[in-house]
Amino acid sequence: MDTFQYISPEWAQEAMQRLRAELSAEKMKHVTSSMVTYYTDCPDGMNRAVYYRFVDGAIDEVSIHEGQAPEAEFRITGEYDTFARISRAEMGSRSALMSGKLKLQGNMVKALSLASVVDRMNKVLATIPSRY
Amino acid sequence: MAEIQTHQVDPYFIDFPDRIRRIQKRMHESGIDVYLGSRLRTLSWTLDAFCPWRSFIVIPPEGLPTAFTFVIDASRVGDDSWLDADHVLGYAPMGGQDQISAVSDLLLRHLPGGRGVVGIESGMAPYLPEGNLTHFEYECFQAALPEARLVNAHDIVDALAMIKEPGEIARFREASRIVDVGHQEVWQAIQNKGYCGMTETEVGGLAALAMRKAGSEWEWSFTGGNEIASGYRTGLAGGACTPASRRELRPGEPFMVDIHAMFRLCLGDHSHNYLLGPATDRMRWHAHNFVDLVDLCLKTYRPGMTPSLLADEMLDFCEEREFAEYMVPGFEHGIGMMGDEWRIGMNDGPFPYWTNPDHVYQENELLICAMQYACTEESIGFRYENPILITADGCEPLSKFPLGIEEV
């Protein structure tokens, strides 16, 4: 099985395919929104961002950015290692938020209503065989 | 062709966006870049929504404000408020979403380079839910905004909120009408010895049900909702606070009913007193003293009057009638939209955050005419409270329940 370098352009392409294949618009609550996850202290010393855009429940874009990412409705910031542990199912994303390891910016009320959608996304992303 | 609407059809309409613009004008004049409101009175006055959880409002130099409240209640506050959901946000114990992070992130957007002046609300009050910024919150915000200067600016809202607007006055009138419905219910229930076996808490509940049926949102007072006292509890020294107890009403005792209704954040608060028969001549003497004093007081309020001038006149009357020793020497307290329940006017008196005794009343100010009579040794006392509107040449008591102390 192919493995993908975590948060590389190839990983983003694979993420897009899997999200499209496995999450119907119903499962995604027909959400139209955008989210950017900022990874600090990546293994190569860089900071990176993954930008996700959804239109009516369909994933429309997954892209990797070094430096400035597009504006998004929700911004989640944390260390690369924290995201990697979530991706390897060693830590829950909720626990990371509640302990302050991840920082969420955006409308908390809307975020609550989208929590289940993000959980479903994370489960799909965790299935991508990745190298960290 | 549709009729052009030239006036607001809602008699209770308040122009909240205009309130924000007036705050912003004062901010500009005071050199304040962004305002951080935290007092309950400020939240009610700006949001038109009740905020029972710790909440904040961030008012930028121009444009719409943003409110923050505990996330479990943010949707409801947004639904009640005139602001849209994007301007009523929730905070929660999560990275980036705790109240200090969420609020200071927004404040920083209005402070170029993190520098500038943030107006905050600091002070003290006998009224517990005032909502001034706590010492801990102040330190946290200062740490989050190290280049900004935090200055006390509550007087901006205090000054603007002092003179009531027509829609606000209409809401207060409706709240008082509802309170009168509650009093009518109690009066009917206690007739013909109907009070026998009834407890103070039950009376509070009877009034509450009647007022809720009439449209009251809740018995807003932080002093225990509807305050009911009977017997010796009416005469507790200085006793202007009597949450209802489980005490049963008894013949031959005084009985005080102080009930509260809220209508669209505006507050009804009226006290009425009874003598549960048989009454003695001495009880009637106390009752006559009190009714005459209230009557005189209501005739004395007018623009230009001050709390100290009024107190002097009233206490002279009490002395003349030889009951001054039974009076608490204060005759009013402040009132405004929910959370504004204590000080009258501005914080410019000799004792910080207490009413300035030389505050000069102006037309369209609203206050609670409040008097407490307590003869502890005879276990008798009375209370009067009624929101009054200062008019051009006197005052309008908003509760219309007839003044008197009836023998039941």
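Biologist: How many aromatic pairs does the structure hold over all chains?
Modeller: The model is predicted. Counted over all chains, its aromatic pairs number 20.

Biologist: Which kind of aromatic pair do F290(B) and Y373(B) form?
Modeller: F290(B) lies in helix α9 and Y373(B) in strand β11 of chain B, 83 residues apart. Both F290(B) and Y373(B) are buried. Their ring centres are 5.9 Å apart with 75° between the planes. Planes over 60 degrees apart count as edge-to-face, so the pair F290(B) and Y373(B) is edge-to-face.

Biologist: Why is the pair of Y326(B) and Y373(B) classed as it is?
Modeller: Y326(B) sits in the loop between α10 and β10 of chain B, while Y373(B) is in strand β11, so the pair ties together parts 47 residues apart in sequence. Y326(B) and Y373(B) are both buried. Their centres lie 5.6 Å apart and their planes are at 45°, so the pair is tilted.

Biologist: In chain A, which residue has its charged end over the ring of Y132(A)?
Modeller: Y132(A) belongs to one aromatic cluster with Y6(A), W11(A), Y39(A), Y80(A) and F83(A). At 4.7 Å from the centre of the Y132(A) ring sits the charged end of R88(A).

Biologist: Is T199(B) buried or exposed?
Modeller: T199(B) lies in the loop between α7 and α8 of chain B. Beyond its neighbours within four places in sequence, T199(B) is in contact with R246(B), R247(B) and E248(B). Its relative accessible area is 16%, and under 20% counts as buried, so T199(B) is buried.

Technical notes. Residues numbered from 1 in each chain as written. Chains lettered and ligands numbered in written order. Predicted model: local features only at pLDDT ≥ 70, side-chain atom pairs only at ≥ 80, totals over all residues. Heavy atoms only, no water. Helix = DSSP H or I, 4+ residues; strand = E, 2+ residues; numbered from the N terminus. Buried < 20%, exposed > 50% of the residue type's maximum accessible area, 1.4 Å probe, protein only. Contact = heavy atoms within 4.5 Å. Phe/Tyr/Trp six-rings, centres within 6.5 Å; stacked < 30°, edge-to-face > 60°. Lys NZ or Arg CZ within 6 Å of the ring centre and 35° of its normal.
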